[in-house]
Amino acid sequence: KSKIKEGDALKVIFSLGKEIDYASYNVNELGNIPVMMYHGIVHMQNSDTNYTGGNVDKDGYKRTSEAFRNDLEFYYQNGYRMIRLNDYINGLIDVPLGKSPIVLTFDDGNDNNILVTGLDANGEIIIDPNSAVGILEEFKKKYPDFNVTATFFINATLFNQKEYDSKIIKWLVNHGYDIGNHTMTHANLQTSSFDKVTEEVGGMYKKLEELLPGQYVKIIALPFGTPYSITHANRKAVLSGRYEDYNYETLSTLRVAWESDYSPYSKEFDKTFIKRIRAYDNNGNDFDIEMNFKRLEKNRYISDGNKSKIVIPSASLDQVDKTYNLEVITY
């Protein structure tokens with residue numbers, strides 16, 4: 001036995017449990033994150049369409065209910081767990097060890113996003129189980145650890161159900177979903193005048209503030225992905241301005257699909273101009289869902305399970321955005 005003598009240097013180790021072998025989980029919190037872009041979910045079988053992979057239209061903006069269920073099952077079984085878009089842009093990634101974050105978005109406020117068939121005895125909306133939210137709620141029950149959520153980007157027509165729209169948007173924010181800005185009339189912000197962009201963006205923010213004071217996200221899904229460049233003159237009106245008596249500010253904008261985007265902890269991440277993946281299958285061509293998830297097998301964000309730390313392979317240390325006040329661990 002050794003005796004401790006005066007002047008000896010001591011190293012005290014506190015054990016709080018088994019040390020995590022990050023390499024065995026392939027933890028990489030600088031990996032890419034898929035932000036999925038959906039529009040309409042049509043209650044059809046894949047075999048009922050003339051297009052591949054559950055498309056209902058040529059460009060894949062509309063999907064069958066069967067295809068959407070298949071998508072969600074694929075995400076879950078392949079280790080993806082949902083996070084809110086607002087958390088993604090703010091670097092608040094909270095998914096279990098070894099799992100990967102995924103973000104779901106819906107544009108246009110199609111009635112089949114959350115189709116209401118009536119009211120129950122308590123005056124609460126009854127949601128069609130084959131609409132997008134009906135299916136999401138089904139998966140919320142099926143997989144409680146899926147953290148089911150999505151952000152819906154709407155125009156002035158909301159969800160095109162005048163009788164129920166007010167109840168719909170309040171139900172969504174009270175049940176873990178978010179509402180964002182898709183402009184008043186789905187205008188092309190590339191070709192519109194600066195004043196028109198201010199009206200489209202600011203007018204929709206003002207409407208959201210009236211309907212959901214302080215409960216919507218300051219994020220815009222850019223109609224048609226316009227303006228296409230961050231240097232376009234109209235970007236200034238997208239990001240901030242004053243419409244009538246209302247001052248607005250945009251924290252993030254979403255582009256039209258083609259690939260996953262960076263980790264929020266990466267120096268390359270630009271939360272003001274986020275890329276998305278269009279959720280359709282075209283046999284692995286044109287940056288579609290199949291091609292993107294094959295690519296993500298090699299570069300996906302994989303969590304350490306601790307939202308207060310950033311864990312990465314040591315070779316990636318110089319790629320970390322140091323503005324986050326989080327402990328960085330390399331292995």
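Biologist: Where does Asn155 lie in this structure?

Modeller: Asn155 sits in the loop that runs between strand E8 (151–154) and helix H5 (165–174). Keep in mind that this is a predicted model.

Biologist: Is Asn155 buried or exposed?

Modeller: Buried means under 20% relative accessible area. Asn155 has a relative accessible area of 7%, so Asn155 is buried. Its side chain reaches the backbone oxygen of Thr183 at 2.9 Å. Apart from neighbours within four places in sequence, Asn155 contacts several residues, including Asp108, His182, Thr183 and Met204.

Biologist: Now the nonpolar residues. Which residues have the most contacts inside the largest nonpolar core?

Modeller: In soluble globular proteins, nonpolar side chains tend to be buried together. Here the largest nonpolar core has 58 residues, and Tyr75, Leu104 and Leu136 have the most contacts inside it. A second, separate core has 22 residues, among them Leu30, Val35, Tyr265 and Val320.

Biologist: What does Tyr75 touch, not counting residues up to four places away in sequence?

Modeller: Its partners include Met36, Tyr38, Leu104, Phe146 and Phe293. Phe146 is in the loop between helix H4 (132–142) and E8. With 0% relative accessibility, Phe146 counts as buried. Besides Tyr75, the contacts of Phe146 include Leu72, Tyr76 and Phe139.

Biologist: Which residues of H2 are buried?

Modeller: An α-helix has 3.6 residues a turn, so residues three or four places apart point the same way. In H2 the buried residues are Ser65, Ala67, Phe68, Asp71, Leu72, Tyr75 and Tyr76.

Biologist: Asp71 is charged. Which side chain meets Asp71 in a salt bridge?

Modeller: That of Arg63, at 2.6 Å from N to O. Both Asp71 and Arg63 are buried. The structure holds 13 salt bridges.

Biologist: What do the side chains of Arg69 and Glu138 form?

Modeller: They form a salt bridge at 3.0 Å, N to O. Arg69 is in helix H2 and Glu138 in helix H4, so the pair ties together parts that are 69 residues apart in sequence. Arg69 is partly exposed at 21% relative accessibility, and Glu138 is partly exposed at 32%. Glu73 and Lys142 also meet in a salt bridge, at 2.8 Å. Glu73 lies in H2 and Lys142 in H4.

How values were computed:
Residues are numbered from 1 along each chain as its sequence is written. This is a predicted model: local features need pLDDT of at least 70, side-chain atom pairs count only at pLDDT 80 or more; totals for chains, interfaces and linings use all residues. Side-chain values use heavy atoms; hydrogens and water are left out. Helices (H or I, at least four residues) and strands (E, at least two) are DSSP runs, numbered from the N terminus. Buried means under 20% relative accessible area, exposed over 50%, partly exposed in between (1.4 Å probe, protein chains only). A polar contact is a pair of N or O atoms within 3.5 Å; within protein, one must be able to donate a hydrogen and the other to accept it, and residues adjacent in sequence count only if both atoms are side-chain atoms. Contact means heavy atoms within 4.5 Å. A nonpolar core is a set of buried Ala, Val, Leu, Ile, Met, Phe, Trp, Tyr and Cys residues joined through side-chain atoms within 4.5 Å. A salt bridge is a side-chain nitrogen of Lys or Arg within 4 Å of a carboxyl oxygen of Asp or Glu.
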